[in-house]
Amino acid sequence: MTTDTQQSVIALSDLQQQPLPHPGIFYGAYPYKKAVEKGKLETLLDDVRRRFVKPGTFNKKQLNKFVERVHLLDAALQKMSDQALDKWILDIRNKLQSKGLEEEITARAFATIREIAGRELGMRHYDCQLIGGYIMLNGRIAEMQTGEGKTLTATLTAGCAALAGMPVHVVTVNDYLVERDAELMRPVYERLGLSVDYVTENKSTEERKLAYACDVTYCTSNQLAFDYLRDRLLLRSFRSGLEFKLESLYNTQPARDQLLMRGLNFAVVDEADSVFIDEARTPLILSCKTDNTQREEIHREAIWLAQQLQGDRYFILDEKSRHVELTQLGKTYLEEISANMRGIWHGSRRRTALVEQALAALHLYQRDVHYLVDDGDVVIIDENTGRQMPDRTWESGLHQMIEEKEGCDQTGQTETLARISYQRFFSRYLRLAGMTGTATEVSGELAKSYGLDVITVPTNQPVQRIIRPDYIYTNKESKWQAVIGSVQLEHDRGRPVLIGTRTVKDSELLSELLSKAGLPHQVLNAKQDTEEAKIIEKAGIVGQITVATNMAGRGTDIKLTAAAREAGGLHVISCEKNSSARIDRQLAGRCGRQGDPGSYEAILSLQDVIIEERLGGLRGFISRTSTRGGRVRPVWLGRFLMGTAQNLSEYYYRQ
């Protein structure tokens with residue numbers, strides 16, 4: 001049903017000469033790229049090739065030449081009547097499907113999409129968006145600064161690919177943005193004669209089939225991957241593509257009609273670094289509920305036993321890996337207190353594993369940090385974005401133990417039907433591309449894992465953002481006082497302020513401090529997920545103060561009012577370093593967009609989690625650093641310690 005992968009990195013000329021990735025004779029009824037296991041020597045050669053050879057990399061002259069080709073068509077297209085434009089689009093569609101993505105016909109398609117966007121939306125693509133769209137159409141990641149209009153850019157890539165006959169999946173980070181982007185860009189696609197729809201969590205099976213049958217489908221990575229797993233379960237029952245095809249001849253309800261998707265042809269991934277790197281750490285597991293009656297009592301007893309083990313004599317916590325290990329004293333005491341318990345508790349190995357899991361639930365997973373309790377349900381919080389993940393649960397009874405810890409009803413434990421990582425899933429697309437504001441830092445990982453080159457796109461306007469030096473304090477109390485002082489100063493100037501915190505807990509603590517200081521504000525964290533867009537849209541008003549967890553609001557625009565722009569634009573404060581400098585850069589990118597004024601500063605402490613996790617052994621030394629007003633002195637020492645901790649964190653997650 002598919003062809004094997006030729007190699008992970010394909011030269012631009014080869015990419016354009018390959019058959020267009022869509023269901024058909026060449027790629028089969030359900031196209032996807034088979035995984036290819038490589039030997040050590042082949043892997044080494046690939047690494048050397050990526051390091052020293054950049055196949056298909058664009059140069060500035062080549063990109064500018066393409067943009068000029070698009071501009072040459074502007075005058076003629078603007079004069080066209082609707083009827084003439086319809087004939088022009090049909091001609092482009094026919095040529096794309098017969099000749100492929102030749103540069104000349106691709107330039108025509110881009111110019112046409114640009115003209116239609118101007119007519120239908122009142123927005124014409126900037127040159128930087130033309131460049132970004134062209135880079136993605138040729139299977140690369142376009143690094144476009146925050147605020148450069150990636151939503152509109154995607155119409156160039158998706159529209160051109162769909163006209164060429166490729167079913168396109170446009171992937172973004174949450175259901176709100178999926179629906180918003182699809183509806184916002186619908187007039188462009190429909191004027192091109194293309195069908196468009198979206199898939200969100202609440203859609204039924206039939207609605208999903210209809211959406212995936214469209215030329216362009218907007219969806220989240222999560223929904224997309226799970227729907228693929230459902231299709232794989234169905235396809236797995238057939239030994240070959242031929243058997244799959246023949247089955248439709250004798251079965252009144254053939255498997256072909258039960259499939260959700262038309263394969264994995266072409267995906268355009270927004271916020272590509274978040275999807276390909278951050279979310280890739282957690283495997284996706286398709287499961288079904290099982291009878292939980294007996295398990296409920298076991299989880300309840302495990303939590304009770306773990307609560308009897310007080311003090312570090314009985315167990316060792318590893319916060320870095322979120323792992324608990326009982327000491328020999330702990331195992332002996334556990335055996336004593338469980339002596340009169342029946343069943344599973346008589347087995348030493350199983351008893352130890354269950355109680356270690358319960359200890360992790362009690363001590364390593366914190367409410368309003370790793371999860372929140374919403375109407376009696378334990379909901380996981382995405383630590384990279386600060387958003388709720390209602391369709392995710394922890395494995396091996398951990399989720400149920402946390403529910404027991406919080407006094408919630410235990411949900412049924414699940415049985416795994418299928419699982420896949422984002423890396424394996426997205427690597428199965430015949431053509432893959434993405435866009436993001438921050439990919440340079442992980443360009444090597446993206447090339448190695450997905451075969452994707454990162455190409456930086458110049459901004460439409462010069463960046464006016466001012467980056468202030470980091471301020472580092474010895475303790476959290478001094479840090480929060482400094483944050484309040486900075487907010488007060490910028491608020492008095494009439495500037496809007498956005499404050500980024502690491503956790504829901506920190507956002508609520510800061511909210512209390514702001515209220516005590518008489519500073520009116522809005523909070524955006526996982527508890528206000530549904531209000532995200534409304535809150536973030538107001539963040540650019542004069543004097544507005546917004547507290548947000550990590551990257552809450554990413555993907556939505558903060559539009560400055562004229563008065564806010566005159567006051568100096570948006571001021572962004574980071575209250576804690578993230579595990580990657582790339583995520584810090586995402587927060588900084590919330591200000592100074594499209595040539596707007598803006599500024600960014602980080603106000604940190606040596607009691608922040610990243611220091612505790614990576615340099616905890618230096619607590620004694622750190623406590624003796626000379627201070628003035630709570631700040632670490634000398635200044636370079638604090639910045640060195642913070643930078644070292646972040647570098648260690650990045651190294652840890654790369655392993």
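**Note on the predicted model**

1. An open sheet is formed by 7 strands with parallel pairing, in the order β3-β4-β2-β5-β13-β1-β14. Strands are DSSP runs (E, at least two residues) and helices likewise (H or I, at least four), numbered from the N terminus; two strands pair if DSSP finds at least two bridges between them. Because β3 (196-199) and β14 (454-456) stand at the edges with a single partner strand each, one side of each is left without a neighbour in the sheet. From one strand to the next, the twist averages 20°.

2. This is a predicted model, in which local features need pLDDT of at least 70 and side-chain atom pairs count only at pLDDT 80 or more, while totals for chains, interfaces and linings use all residues. Residues are numbered from 1 along each chain as its sequence is written, and side-chain values use heavy atoms, with hydrogens and water left out.

3. Strand β3 runs parallel to β4 (residues 216-220), to which 4 bridges join it. The bridge partner of D197 in β4 is T217. Helix α11 (residues 221-235) lies across β2 (168-172), β3 and β4, at about 105° to β4. Axes are lines fitted to C-alpha atoms, for helices over the stretch in contact, with angles from 0 to 180 degrees between N-to-C directions.

4. The axes of helix α16 (residues 328-337) and helix α17 (residues 348-363) come within 11 Å and cross at roughly 105°. That makes α16 roughly perpendicular to α17 (65 to 115 degrees). Contact (heavy atoms within 4.5 Å) is made by K331, L334 and E335 of α16 with R351, T352 and V355 of α17.

Definitions and conventions
Angles under 35 degrees count as roughly parallel, over 145 as roughly antiparallel, 65 to 115 as roughly perpendicular and the rest as oblique.
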